[in-house]
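This report looks at one protein chain.

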Amino acid sequence: MQIPTSSPAISLPGPAPEAPAKGLTKRRSTPYWLMLPGMAWLAVFFVLPLISLFMTSLQSPVSDNPDDGFYFNWDFANYGEALSRYGEQFVRSFVYAGVATLIGLLIAYPLAYFIAFKAGRWKALLLVLVVAPFFASFLIRTNAWKTILADQGWIVAFLNNLNLLPQDRILNTPLAVVTGITYNFLPFMILPLYASLAKIDPRLSEAGADLYATAFTTFRKVIWPLSLPGVVAGTLLTFIPAAGDYINAKLLGSTNDRMVGSVIDSQFIIVRDYPIASSLSFLLMGSILILVFIYVRRAGTEDLL
């Protein structure tokens, strides 16, 4: 009788893979559930109105009477018509917003620098004073500038004595509009600058002095580059709403100082040419997005996108 020298291999069942714990699955899905209310809010109050606005921009009037309504026919010619009719106001909006943003930066940076490094125990009070204008209505603040810049006011009288006003007035001029925009949006420039400067270690300036660098060189080589994210954020938070503003142009300027926001307002409410107004709105948003993208890329702070 032949005795087998080896026995056939017997495969034993290994341990079954453990199913993921219910608690672990729940923890992984928690962030998505937390995002759901915010995403729903954006979908209802941003995405859907944006789609509706885009569809309106491609409509045509049924007749010359706006009461007869409009019909959708993919009328992309509305964009060319809106730009050809109101191109001047379009360019003026970006010029006024750009000048106001630059002036705001020149005013806000020294103030934010002082609050961050020199204010000491007065820092909290100064920050409260920066935010204090927000406790008053935007309209009230702008109307107050009508009184401040009135032809009979002391500011106009003082500047006229120095022969600094070509038109002998400030109201109903581009200067008044830019002044109002700069003032109203100045806190949006100061706060990001302060937040960026407050993160900088003051000992860096001392180190620059120890290395025989002048104060200007230390600022140019150390402080300015480190505060650049605040500069970019502040200029964006100022320029974007300023480009679409129309209150300052309406209350402080003349009919020759109308901005694209004024045109959109009149087209929606008075003329009721909804396709042209919607086309101008999309052109404004698209232009701002392109400018912001180019500006952030050139500033070297792509992480802000």
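Where does N172 lie? N172 sits in the loop between α5 (154–161) and α6. Its phi is near 60 degrees, a positive value in a residue other than glycine. N172 counts as partly exposed because its relative accessibility is 36%. Buried means under 20% relative accessible area, exposed over 50%, and partly exposed in between, with a 1.4 Å probe and protein chains only.

This is a predicted model, in which local features need pLDDT of at least 70 and side-chain atom pairs count only at pLDDT 80 or more, while totals for chains, interfaces and linings use all residues. Residues are numbered from 1 along each chain as its sequence is written, and side-chain values use heavy atoms, leaving out hydrogens and water.

Most residues other than glycine have a negative phi. W74 is not a glycine, yet has a positive phi of about 55 degrees. W74 lies in the loop between β2 (70–72) and α2. With a relative accessible area of 53%, W74 is exposed.

**The chain as a whole**

The chain has 11 helices and 2 strands. Helices (H or I, at least four residues) and strands (E, at least two) are DSSP runs, numbered from the N terminus. From the N terminus, the order is α-β-β-α-α-α-α-α-α-α-α-α-α. Of the 305 residues in the chain, 34% are buried. The accessible surface comes to about 19400 Å². Carbon and sulfur atoms account for 68% of that surface. Accessible areas come from the Shrake-Rupley method with a 1.4 Å probe.

Contact means heavy atoms within 4.5 Å. Among contacts with a separation of 6 or more, 69% join residues 24 or more positions apart.

**Helix pairs**

Two packed helices are described by the angle between their axes and the distance between the axes. Axes are lines fitted to C-alpha atoms, for helices over the stretch in contact, and angles run from 0 to 180 degrees between N-to-C directions.

| Helix pair | Angle | Axis distance |
|---|---|---|
| α6 (residues 174–198) and α8 (residues 215–243) | about 150 degrees | 8 Å |
| α2 (residues 77–117) and α11 (residues 274–299) | about 55 degrees | 9 Å |
| α2 and α3 (residues 123–131) | about 150 degrees | 9 Å |

Angles under 35 degrees count as roughly parallel, over 145 as roughly antiparallel, 65 to 115 as roughly perpendicular and the rest as oblique. A crossing is left-handed if the near helix is turned anticlockwise from the far one by less than a right angle, and right-handed if clockwise. For residue classes, Ala, Val, Leu, Ile, Met, Phe, Trp, Tyr, Cys and Pro count as nonpolar, Asp, Glu, Lys and Arg as charged, and the others, Gly among them, as polar.

Take α6 and α8 first. They pack at about 150 degrees, so α6 is roughly antiparallel to α8. Their crossing is right-handed. The contact of α6 with α8 holds 15 nonpolar, 6 polar and no charged residues. S196 lies in α6. S196 is buried, at 9% relative accessibility. Beyond four places in sequence, S196 touches L226, S227, P229 and G230.

Next, α2 and α11. They are oblique to each other, and their crossing is right-handed. Residues of α2 in this contact include Y79, L83, Y86, F90 and F94. Residues of α11 in it include I276, L280, L283, L284 and L291. By class, the contact has 14 nonpolar, 3 polar and 2 charged residues.

Then α2 and α3. At about 150 degrees, α2 is roughly antiparallel to α3. This crossing is left-handed. F114, I115 and A116 in α2 meet K123, L126, L127 and V130 in α3. The classes here are 6 nonpolar, no polar and 1 charged.

Which residues does S93 contact beyond four places in sequence? They are A243, M259, V260 and G261. S93 is found in α2 and is buried, at 0% relative accessibility. S93 and D245 are 152 residues apart in sequence and 8.2 Å apart in space, C-alpha to C-alpha.

L105 is also found in α2. L105 is buried, with 15% relative accessibility. Leaving aside neighbours within four places, L105 is in contact with P110, M189, L193, V231 and T235. L105 and I190 are 85 residues apart in sequence, and their C-alpha atoms are 8.1 Å apart.
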